Amino acid sequence: MTFKHIRSKLLLLFSLAVTASVLLVLALMVWLQTHLIRAEWQASLQAQASLIAHNSQAAIDFQDPREASRLLHSLENNPAILQASFYTDSNRILFARYQSPRLAADFEFTDAPQRSGETFRFSDNRLLVWAPVPGDSNEAYLEIIGSLAPMQHAIRQMALKTALYLSTL
């Protein structure tokens with residue numbers, strides 16, 4: 001490709017610089033929005049877990065698995081929730097469980113249990129959240145497993161809309 005005029009060279013360089021700048025802005029915007037959406041998703045699920053854990057204190061203290069299950073079933077309105085379980089101690093003794101009807105009956109998440117002080121973990125295509133159940137010196141806690149599919153869908157939609165917007169510039 002040969003250029004007869006310096007004007008053609010400058011126009012090409014300017015076009016390449018603008019294109020590179022727009023692509024860089026797109027990448028940065030998608031990266032930032034992805035991190036914001038992840039943090040929002042985690043905070044939302046953590047708030048739900050904390051609320052249910054606090055509301056279940058009496059059910060755990062009085063060893064009432066039916067009431068604990070009823071509380072867990074309040075999560076059925078959230079389509080991202082795959083499973084929620086109350087455990088009564090650090091040995092993961094199951095007290096009550098809610099499992100989404102969208103899952104196979106034999107679903108069992110095989111990730112490592114909660115590490116000391118850990119309140120959430122992104123793992124594979126799932127978000128795990130833990131919340132302690134307040135009470136008289138028991139170690140009961142709530143574990144919620146949520147699907148990241150809705151979050152990933154939202155990120156893809158956001159990236160597409162951002163790319164379309166920037167392409168109009």
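**Close-up views of a predicted model**

**View 1. Overall surface and fold of the protein.** The accessible surface of the protein comes to about 10,800 Å², of which 61% belongs to carbon and sulfur atoms (Shrake-Rupley method with a 1.4 Å probe; for residues, only the protein chains shown count as cover). This is a predicted model, in which local features need pLDDT of at least 70 and side-chain atom pairs count only at pLDDT 80 or more, while totals for chains, interfaces and linings use all residues. Residues are numbered from 1 along each chain as its sequence is written, and side-chain values use heavy atoms, with hydrogens and water left out. The protein holds 4 helices and 5 strands, arranged along the sequence as α-α-α-β-β-β-β-β-α (DSSP runs numbered from the N terminus, helices being H or I of at least four residues and strands E of at least two).

**View 2. Helix α1 and its buried residues.** With 50 residues, α1 reaches 73 Å from its first C-alpha to its last, close to the 74 Å expected at 1.5 Å a residue (1.5 Å times one less than the number of residues). Its buried residues are T34, I37, Q42, L45, Q46, A49, I52 and A53, where buried means under 20% relative accessible area, exposed over 50%, and partly exposed in between (1.4 Å probe, protein chains only).

**View 3. The nonpolar patch around L10.** L10 lies in helix α1, which covers residues 6-55, and is exposed, with a relative accessible area of 52%. Together with I6, L12, L13 and L16, L10 makes a nonpolar surface patch of about 510 Å² (residues with over 30% relative accessible area and no salt bridge, like charges being joined within 9 Å and nonpolar side chains, Val, Leu, Ile, Met, Phe, Trp and Tyr, within 5 Å; a salt bridge is a side-chain nitrogen of Lys or Arg within 4 Å of a carboxyl oxygen of Asp or Glu).
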